[in-house]
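Subject: Handing over a structure

Dear colleague,

I am passing a structure on to you, and it is shown just below. Please have a look at it first, and then read the notes that follow.

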Amino acid sequence: MFDLRPVGYVIGLLVACLGVSMLVPMVVDMAAENGHWWVFAQAGIITTITGALLALATSNGMGQGLSIQQTFLLTTGVWLTLPIFGAIPFYIGATQSGFTDAFFEAMSGLTTTGSTILTGIDALPDGLKLWRGLMQWFGGVGIIVVAMVFLPELRVGGMQIFRSEGFDTFGKILPRAGEIARNISVIYLGLTLACGLAYLAAGMDTLDAVTHAMTTIATGGFANSDLSFGAYPPAAEYVGALFMMLAALPFVRYVQLVAGTAVPLFRDTQIRTFFIIAAVVVLTLVIWQVATGFQTGEVAFRKALFNSVSILTGTGYASSNYPLWGSFAVAMFFLMGLIGGCAGSTSCSIKVFRFQLLFASIKAQIRRIHTPHGIFQPRYQGRSVPDDVLSSVMTFLVLFIVSLGGLSVLLGMTGLDFITSVSGASAALANIGPGLGDIIGPTGNFSTLNPIAKWLLCAGMLIGRLELLAVYVLFTVNFWKP
């Protein structure tokens, strides 16, 4: 059995940090004089003490680095443990949620999924609204570090193609994570501040601007109203669309840009492809709305832009009940959610680069059929793609489809209808937020689902956020062998 102490030490530190962060919504509630501050005081004490004790108990096990097994376990363990403590304010607070609902909300927050079981969000205490935003903000910056450090080294889902973008070697994975976290922290914070100021200028009040800035840059999608962005001025939709797209770009490019190198940002084919997809989708939905007479002019453009970017980036905001646009629009939104943004960003789902590699592989295979004796190698960013990367990507794509089908069947077995089952499975695995249909669509939520379905969706959120294989490998016998 391998040593679990380094894993426990890091998780303990992160749990303690989560507990300390509960002071922020506590102070906000104290300032609002709503009497809800004691919830975060209690939750903060419990979380901080538990995390500190765990870190102290395992501190003697820290070595020079983490093994592959420890890294896989740490990656999954963090996203499984933090929601348990993040759920405490929902469990003992104003929402009066049971543990299942509280855990669902926290898991949705920290995985930046954006699905919610809460109703009457407008009337929630200010601190609880801010806590939902903070969880997504923490989850967003955390997943960037995972995408830039852990997944490439663990060779998960083809992410090893980005190893050259990194800094150090696998043997120093914790120092490397700290270095990358420091490099991206200024970028992440700067984008959040810019987004918050833009929301203020667009007409939001201070709390809404701060909270939505955090959930926008995290591409999380938690909003402070049951109406999501339907409750805010039209200008806020343009601000949201802009910063959702910025958050869906690889953060390593921002680090390079700040360092004085802009060339990689403009040469990145993944970024160009992402913008092309977004432009085509928005234009198509505008034409569809005008042709069907649903909406015209600036309103049609704004609704198409905001809602399509929201789903494409996996954020999950909504400013319109887009299923009413017709079956074609519904199909478009479903497919968009399966694309996602760029690797190394806060966005989720399959990601653009995997589709690029898939089509490059198909193109090479077709050329081999035409010219059997020729040598054709799939290329990405002007370089040949190694076979292990292609194999990893294909494995991910097949596993994603199988997982989507399996989760849909399991949800259907709990009594959910076909649309709710399939769209719910897609929303969870791709970390989109809303599903389709009357129950979990953009104007609904997940509160009426049965407890088994909620736990299945929680599992889907975790698996999807960590790129499937990082979780599935824990269930193999060989993983646990010394």
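**Salt bridges**

Both E105 and R132 are buried, where buried means under 20% relative accessible area, exposed means over 50% and partly exposed lies in between, with a 1.4 Å probe and protein chains only. This is a predicted model, in which local features need pLDDT of at least 70 and side-chain atom pairs count only at pLDDT 80 or more, while totals for chains, interfaces and linings use all residues. Residues are numbered from 1 along each chain as its sequence is written, and side-chain values use heavy atoms, with hydrogens and water left out.

The side chains of E105 and R132 meet in a salt bridge at 3.1 Å, N to O, the term standing for a side-chain nitrogen of Lys or Arg within 4 Å of a carboxyl oxygen of Asp or Glu. This pair links distant parts of the chain, with E105 in helix 6 (residues 99-110) and R132 in helix 7 (residues 126-154), 27 residues apart; helices here are DSSP runs of H or I with at least four residues, and strands are runs of E with at least two, numbered from the N terminus. The charged end of R132 also sits over the ring of F222, 4.0 Å from its centre, which requires CZ of Arg or NZ of Lys to be within 6 Å of the ring centre and within 35 degrees of the ring normal.

By the salt-bridge rule the count comes to nine. Among them, R302 and E237 meet at 2.8 Å, N to O, and K303 and E237 meet at 3.2 Å, N to O. R302 counts as buried because its relative accessible area is 8%, and E237 is likewise buried, at 2%. E237, E298, R302 and K303 are linked in a network of salt bridges.

**Aromatic pairs**

The whole structure holds 24 aromatic pairs, meaning rings of Phe, Tyr and Trp (its six-membered ring) whose centres lie within 6.5 Å, with planes under 30 degrees apart counted as stacked, over 60 as edge-to-face and the rest as tilted. W137 and F138 form a tilted pair, 6.2 Å centre to centre with 55° between the planes, and F138 is partly exposed because its relative accessibility is 26%. W137, F138, Y188, F251 and Y254 form one aromatic cluster.

Y199 counts as buried, since its relative accessibility is 0%, and F229 is buried too, with a relative accessible area of 0%.
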